[in-house]
Amino acid sequence: MARIISTEQKDIPDYSSIRDIKIQQNIPGNRDIVEISSQGVQRRTDSESTRPGGIYVDVPRYIRGVQNVAIMMQEIAMLKMMLPDEINIIANPPDYTFVLLENYLLGQGYQPSPSNILIKIPPEYPQIPPGLNPTYGIYVVGGLKRNGQALQCVKDQYHWDCVHNPSEMKQKGWAWWCFARLESWDPYRDNLFKAIVILTETLRNPEQQRFG
Amino acid sequence: MEIVVPTGYLAELINHLLETKDVETHAFLFGSFSETKILVGRVWKTPPDMYDSRSSVKVELKQDYIVRALEYARHNQFAVIDVHSHPWANRAEFSSIDDRYGLENATWVKRKSEEGVFPRVPWGMVLVAGSKSINARVFDFKRESFAKASIRTPLDFRHKAEAASSEVFNRQIKLWGVEGQRRLSDLRVAIVGLGGLGVLVCEQLARMGIRQFTLIDGDRVESTNLNRLTGFFADHIGSKKADICALNIKRISGTKANVKAIHRFLRRRNLNLLEEQDLLIGAVDREGARLLLNEAAGRFLVPYIDIGTGIKANGENVTQMGGQIRFINPGTGPCLQCYSTGIDPFEAALDLMSREDLQVRRELGYIEGTALSPEPSVIPLNGVLASLASQEISKLVTRFHRTFFYVSYNGLDNEIKVLDKAMELGRQKNCPVCGIGGLLGIGKTEKQAYILPEEQQEMVPLNN
């Protein structure tokens with residue numbers, strides 16, 4: 001039996017379309033449903049079907065407080081609940097200037113994978129989103145390869161051995177993954193999970209990067 | 001020592017304390033503090049089941065509740081104010097029981113702070129009588145006794161300015177009175193942004209008799225400014241805007257003016273420029289500056305007036321022309337982030353970026369040539385909005401009429417709309433700035449470090 005995590009965990013029928021699950025669970029049609037597995041997180045479209053034992057998440061949209069420890073504690077607790085146990089989530093209390101995801105599966109063909117993802121938290125977070133610029137960016141490991149080929153520095157995506165990756169991040173082995181064209185951010189509701197979902201999707205389908 | 005409590009919080013606190021007339025009621029206030037004041041950002045209204053005993057002459061709280069309150073203060077390094085009511089009394093006078101328990105509590109804090117197990121945070125007491133009269137005192141650690149304190153709302157500032165006696169003000173004193181004029185002289189105002197709006201507001205406020213200005217703008221005068229900056233002339237081109245504006249104010253106000261000209265843009269690192277002010281005025285066209293001003297208003301509990309204009313021209317066709325004034329009374333009405341239009345996260349992020357980051361964005365093509373280029377700006381529109389803002393400021397300070405929380409002006413149809421009740425706009429309970437776990441009253445503290453489980457519960461995903 002598949003399960004869905006929304007306001008609470010519930011059993012849902014196997015082989016049902018995501019569209020039907022949304023209707024059945026009173027989840028608004030415009031909301032994202034993400035499948036969580038040992039492969040990481042993957043957004044599921046309305047036409048896809050649930051699989052036996054699959055765990056699906058009605059992507060949380062928080063109503064919450066401010067860029068402060070309370071927010072970060074809450075977000076990290078949420079990430080720990082949502083992401084597979086294999087992924088270590090590390091932050092630096094009490095400042096919470098970053099969140100590190102260790103052992104994260106980047107997707108098929110990537111080397112190294114599992115790998116690490118770093119999110120630097122802007123001082124104005126969540127009033128402004130993370131990832132828009134190299135200083136408060138979202139980073140993957142440098143020297144990343146896909147299907148044996150070193151990833152090239154590409155606009156909207158990977159910046160490793162180029163002037164756009166801050167030298168201090170490069171020295172530490174991090175490559176900036178550019179979210180500069182992120183198009184929507186609701187300071188009341190959006191959160192780090194959204195950034196992780198978009199990054200994961202982009203890594204899996206670099207040609208179809210979505211910015212919303 | 002003065003205790004500053006948001007207007008809405010104080011009203012709510014008094015209602016809670018005087019809800020029952022036959023027994024005393026209790027509350028805790030928490031807030032950041034400096035040498036001279038405590039900024040109250042959190043109110044705990046003691047729930048009925050947290051009283052150990054409660055009568056018309058005494059309240060005793062459950063030990064575990066007190067421990068929680070102290071833990072909360074310890075984690076956040078907050079001052080603690082122990083509040084209770086004498087619902088039967090006309091005058092708020094501390095009783096001998098209050099004196100005894102108050103002193104016991106305060107000396108406990110002193111002892112524990114000396115042992116290093118509790119921070120040396122101010123410990124205060126507030127008493128509210130049935131007549132709503134209030135008495136406040138704060139423990140003096142050196143003298144080991146309580147010293148009288150004052151309790152006030154952010155708009156109830158009191159300094160020591162003399163009533164302006166100049167006959168220059170005769171005509172306006174007929175409107176708002178001598179006390180109103182004294183309050184204007186007393187006001188410490190910071191104006192951020194000295195463009196077409198800010199300069200006009202400065203001039204009007206100086207002519208109204210405001211004497212204490214902090215002017216913040218990192219720009220220099222350009223020839224393109226001269227169409228709308230009154231008191232600025234061609235020989236000022238290249239000069240610092242803040243300096244010229246300060247000179248103009250001094251010409252109006254004479255030697256009594258106390259004007260600080262800060263030739264810097266507002267940044268997170270210089271936010272404390274706004275701490276010791278009675279009123280913030282933002283006449284900026286950048287979302288980043290608005291975000292910081294809004295944050296400062298919340299942190300330091302200083303009322304804030306945001307003024308903005310906008311013109312949208314599609315070729316020769318003007319589609320929109322107008323502006324708005326938004327009055328932020330921290331903790332009472334909505335803050336800027338609470339408005340449905342809020343603060344644009346992307347524009348704010350762009351404004352707050354370092355030069356290096358902006359350069360990267362430019363190189364990668366995310367900033368078009370025109371993305372940061374200025375919009376049309378004309379003196380008639382600026383003049384209307386500046387005058388409307390000055391009008392609201394004069395009401396706010398002299399109290400000759402109520403102040404509107406929101407005034408919008410449509411310049412194409414010459415229409416003015418107002419909203420005067422905070423509730424009409426709605427303060428968002430979960431606002432990142434003024435909501436639960438927000439920044440209200442936290443002063444210069446980098447970050448709030450701890451919230452209660454029940455506060456956190458209110459922040460859980462609602463998924464709706």
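At what angle do helix H5 (residues 196-208) of chain B and helix H6 (residues 241-253) of chain B pack, and how far apart are their axes? The angle is about 20°, and the axes sit 9 Å apart. This is a predicted model, where local features need pLDDT of at least 70, side-chain atom pairs count only at pLDDT 80 or more, and totals for chains, interfaces and linings use all residues. Residues are numbered from 1 along each chain as its sequence is written, with chains lettered from A and ligands numbered from 1 in the order in which they are written.

**The helix pair**
- That angle makes H5(B) roughly parallel to H6(B) (angles under 35 degrees count as such; they run from 0 to 180 degrees between N-to-C directions, with axes fitted to C-alpha atoms over the stretch in contact).
- Helices here are DSSP runs (H or I, at least four residues), numbered from the N terminus.
- H5(B) brings Val199(B), Cys202(B), Glu203(B), Ala206(B) and Arg207(B) to the contact, and H6(B) brings Cys245(B), Asn248(B), Ile249(B), Ile252(B) and Ser253(B); contact takes C-beta atoms, placed from the backbone, within 7 Å.

**The two domains**
- Chain B is split into domain 1 (2-152) and domain 2 (167-425), with bounds from an automatic or database domain assignment.
- Their C-alpha centres lie 38 Å apart.
- Six residues of domain 1 of chain B are in contact with six residues of domain 2 of chain B.
- On the domain 1 side, helix H1 (residues 7-17) of chain B gives the largest share, three residues.

Key. Two residues are in contact if their C-beta atoms, placed from the backbone, lie within 7 Å. Helices (H or I, at least four residues) and strands (E, at least two) are DSSP runs, numbered from the N terminus. Angles under 35 degrees count as roughly parallel, over 145 as roughly antiparallel, 65 to 115 as roughly perpendicular and the rest as oblique.
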